[in-house]
Structure formats: structure tokens, C-alpha cells
Amino acid sequence: MTIWPDISFQDRIDTSEFRIHERAHITVNDDSCRGCTTRECVVACPANLFVPTSDGGILFNYENCYECGTCYLVCNKEGAITWTYPEGGFGIVFHRT
Amino acid sequence: MTDADIIVVGAGPAGSCAAIAAARSGKRVVLIERGPFPGSKNMYGGVIYPRILDELIPHWFETAPIQRWVVRRSTMVLSDTGALNIDYRSNAWGQAPYNGATAYRPDFDNWLAQQAVAAGADLICSTTVTGLLRDDQGRVCGVSTDRPDGDLTASVVIACDGVNSFLAKQAGLYPTADADNYTLGVKETLSLSKHIIDERFGVRDNQGVDIEILGGTSGVNGGGFIYTNLDTIAVGVVLKLSKLSAQKKRPEDIIAELKRHPAIAPLVEGGQVVEYSAHLIPEAGLEMMPKMVADGLLIAGDAAALCLAAGIWLEGVNFAMASGMYAGQSASAAINANNVSANSLKSYTDRLNKTFVLQDHKKLRKIPHLVLSDRIQHKYPAFVTGVVERMFRVDNPTPKPGVRRIVSQERKKAGIKLSELVRDALTGLKGFG
């Protein structure tokens, strides 16, 4: 029984406003990720931005990032994630939080 | 001549209160915010205790953009099927001098920043601070920003740049960041009519409810919360980072499971998600706090880990506002004394030590880790609800078992040793002071 409207992950993310800048404020070093077996980022990122690729790497999309910092804190590979804030005025914009 | 006397980085509750205090004492203040407006990067798990504003903004409650005043404060313990709810109500909390309030942070933080502007601070939004400037002696003397020619100099920089505080880290004030000290908060804002919220939660007008939850986080150490806004409710979970990744559970799935719990489902039923949000919380209190003072630099708010996550007390905005205010006052006093060395700025931490900001943290220093410990998280909810279930279940014709027997049986069923129960009770009693 569904007692509240089901919501797809994309619809969930689409409720948040992201002002996307052309520069990726977070980058992932694919070489480090290839050797990683634990992949904490894939589970923990609330925006689900870390996607394992079929060839053993990690694909990362910065556009829908909440700028929370979870990924660099859970990552145990030195240098795998380079994390900065987006340009001023860009990125996540909350309204009713 | 510097560009400003004081640069405040981040227009959240800490930064805006720092800017108000500094501008009131006649200083030239620049308040820099990386979002398009103050509050646009900020979310929380639901209640502001604004009484600390009495000092800076008398009658703040007449203009602050409050959603509801919390008149019902509940602590709920969830097992898989049961729920124990301890619910305290006081309608007096809905009147001056008030206690807790719910608000949308983009509204509240923007309002607070406008108080700083009214006090004379220059607010610059859409500007990300990229680093600290230092003079030839190594003292902090300003910030660099992502604007062209965006360096700004000042006598004192107050870093209120939030939980990730890259400025405090760049200044070497933080030891290595440890994922064990942080939790991830994720939240859904659900739209429901005001009428339904009033009926469902038993409140009227601008009265509101805050429910804090132990259990119900799908086996990931943490907690849950539900609170009421005027015509939305918020439901969310707080999850220990190290456990979240180890348990292979996704944050949004954990919220979904909480919403399906028989005690929670009737409260959130029919609510459409109108905004999803996520933010980190500096959870470990005193154990993780950085040095808050350096030459020309002060750290306040979440940037200094001044967030109280002590089980039955969950506060942050008030700690941010207070620490920001004291930082603004100390920075001004140091400038007046013509000495912005760490030694002179130390009046800031002296003030924190004398007030609730660090006294609460010292008193409750053992509680954050206790509340998130495996035993409290995974064994106590079943134990506590098991005892209450047995106490109130009438098994006639079998006569009532004694309470002591119930406690002993349920404790064993939950896998808690007597020595562990005694130890936890003592830690709790001592820790909660």
C-alpha cells in the first residue's frame, strides 16, 4: 500500500534548485578510484553523484551537488577527491529548509 | 589602510551575529556570503532557540520570520513495530519570552543578515572566499575571493564558513578531519495544508511540534526528526558517516523506511516532497573542536564545531549566534586595543568558557559519542519499547509480571548485560549532569 506519493530519485533531486556553473567544483581522480574496493562515496553521497563504470572507474557528476562534504570525509584514498566550493552565487540554493 | 576593520566569512547565524556586534561597536565590517543570498546554503534539523538574540536584537520575535513556536517537544524511541513517545507540551512556549521556533533557514538567515546590514555592515553575496591572506609575519590580514581583484584586507578575519571550514583548516587550527566526528543530515520538506498539520499534531495558530527520534534509521547509527512549519512538515534523519558507508544503505532509502514506520506514517501521509536537502553536522562536540583563535583570526559557529548533539538536546543555531556575537565583540575590543594577536583575541574563548557555549559542551562532553554508540543505537530501542509493551499489555488471565522481572527479561532478550546497563546508566547520569 502506498500511503504517500512515490517519488523517483530524479524527481527528489529536482525539488532542489541548482545554479550550475561550467567549472566542476569537485573532481575525481579516476586512477585512485580504480584500486578502491570499498567505494564509500557511492553509498553515502546524498545526491548519488558517484557512479561506478563498467570498466572499474567512477563517474562523477558535479551538477546536482549539495556541497555537503560527505564524499571527501568518507573517502579513504588520499587525493582521490578534489573538493572546493562552487563559484560565488552558484551551486545549491535552498528555499524551504 | 585596510579595506575593512573586520571581515566576516559566511552570512549564517554565526557570521551575521559577528557582523552585528562588530558594526554596533563602530567597526567597518564586510560580511561575505558565497550563496546568492544569506541562508541559501543552509539547512538544519529543525529548531532555533533564539533567546540569545535578546542582547543583540531586542524584540527580535516581532520581526523574525518564524514558522511556528514549538509548544510540543517529543522524544520518541522506535523499535521495528513499537514506539514510545515522551511528549511535553507547554502553550507558554508559544508566547514571549518564547523557547524554540521552527523557521526556513533561507528566510531566517537572510533576516539576520539584514540586521547586520541595518547595523552598518556591508553584505557581499555570490562571493566565495578562496583563502586567507597573511602578512610577512604570518598573521592573517585578509581573504582572497573568487572575484577579479578580489583580495580584501582587514585587521581581523572571523571565519564563520560552516562545517567544512576550509579557512580553519587552511590556518592549521583543525587536526585531521575524521569522518567519525560528523553526521550527515538529510531532510524532506513535505507540503500539507495548515489545517491538516494543526489537526494531526494537535496544535493551533502558530503553535508547532518538534519530535526527535531514537531508532528508525535502518540500523545505521543516528536519529530521526519530524517538525512542523506553517504549511509544510520536515522529516529527516541524521546518520553517522562512518556507519552509513559501512552499512551500504542510501540516505533517501533510510528516510523512506522511517516514513513507513507505523508510528510515523500517519503523521507524514499525503505529504508531497517540495524540497530535498542535505548537510553535514559537526557531531562530536568538544572532542573535535579546533583552536578558535590565531593572530588576526577567529573561528565561530559550525566552523568551530560549536553544535550540540547531545541526545535529548539538539542545538546549533543558538551556539552559532552566541559564538558569532562574542567573536564580533572580541575582535572589536582587540582592534580598539591596537593588538589583534592571538593573545589579545583570546578574550573570545574566555567568553565562550564563561557562557553556555562551552559550559554546555563541557558538561555534556561524553554524550554525543554515548548516544551514537552501537549499544544505545541497536539494543536500547528494542529493550525500552519491549519493557513498555509488556507493562501495558494485559495478558489476562495471566497475572501481571513484576516490573523488575520484565526489565530483566527484556534486557536479556535485547542482549544487554547487566553490567553494561549499569555502566550506561552511570555514564548517562554523570554525562547529563
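Leaving aside neighbours within four places in sequence, B:Leu298 is in contact with B:Val156, B:Ile158, B:Met292, B:Val293, B:Ala327, B:Ser330, B:Ala331, B:Leu345 and B:Tyr348. These contacts, like every feature described below, belong to a predicted model. B:Leu298 is, together with B:Ala18 and B:Ile158, one of the residues with the most contacts inside the largest nonpolar core, a set of 160 residues. The element that gives the most to this core is helix H9 of chain B (residues 317-336), with a contribution of eleven residues.

Strand S9 of chain B covers residues 152-159, and seven of its eight residues are buried, so the strand is largely enclosed by the rest of the structure. Several strands of chain B pair with S9(B). Strand S1 (residues 4-9) of chain B lies parallel to S9(B), and five bridges connect the two; within this pairing, B:Ala4 has B:Ala154 as its bridge partner. Strand S16 of chain B (residues 297-299) also runs parallel to S9(B), joined to it by three bridges, and here B:Ile299 of S16(B) stands opposite B:Ala159. By contrast, strand S8 of chain B (residues 140-145) runs antiparallel to S9(B), with two bridges between them. In that pairing, B:Val143 is placed opposite B:Leu152 of S9(B). S8(B) and S9(B) together form a hairpin in which six residues separate the strands, and B:Asp149 in the turn has a positive phi of about 50 degrees.

Strand S10 (residues 182-191) of chain B runs antiparallel to S14(B), and ten bridges join the pair. Among the facing residues, B:Leu190 stands opposite B:Val273 in S14(B).

The domain assignment divides chain B into three parts: domain 1 (4-66 + 103-174 + 290-363), domain 2 (180-282) and domain 3 (369-432). Between the C-alpha centres of domain 1 and domain 3 of chain B the distance is 43 Å.

Chain A contains 97 residues, of which 34% are buried. Four helices and six strands are present in chain A, and their order from the N terminus is α-β-β-α-α-β-β-α-β-β. The C-alpha trace of chain A extends over about 40 × 40 × 20 Å along its principal axes. Of the contacts in chain A with a separation of 6 or more, 70% are between residues 24 or more positions apart.

The two chains touch through 30 residues of chain A and 46 residues of chain B. On the chain A side, at least two residues each are supplied by helix H1 (9-14), helix H3 (40-44), helix H4 (70-74) and strand S6 (91-93). The residues on this side of chain A comprise 17 nonpolar, eight polar and five charged.

As for the confidence of the prediction, chain B has an average pLDDT of 96, and 100% of its residues score at least 70. For the complex, the predictor reports an ipTM of 0.95 and a pTM of 0.97.

Notes:
Residues numbered from 1 in each chain as written. Chains lettered and ligands numbered in written order. Predicted model: local features only at pLDDT ≥ 70, side-chain atom pairs only at ≥ 80, totals over all residues. Buried ≥ 20, exposed ≤ 12 C-beta atoms within 10 Å, placed from the backbone. Contact = placed C-beta atoms within 7 Å. Core = buried A, V, L, I, M, F, W, Y, C linked by C-beta atoms within 7 Å. Nonpolar A, V, L, I, M, F, W, Y, C, P; charged D, E, K, R; others polar. Pairing = 2+ DSSP bridges. Domains from an automatic or database assignment. pLDDT = per-residue confidence, 0-100.
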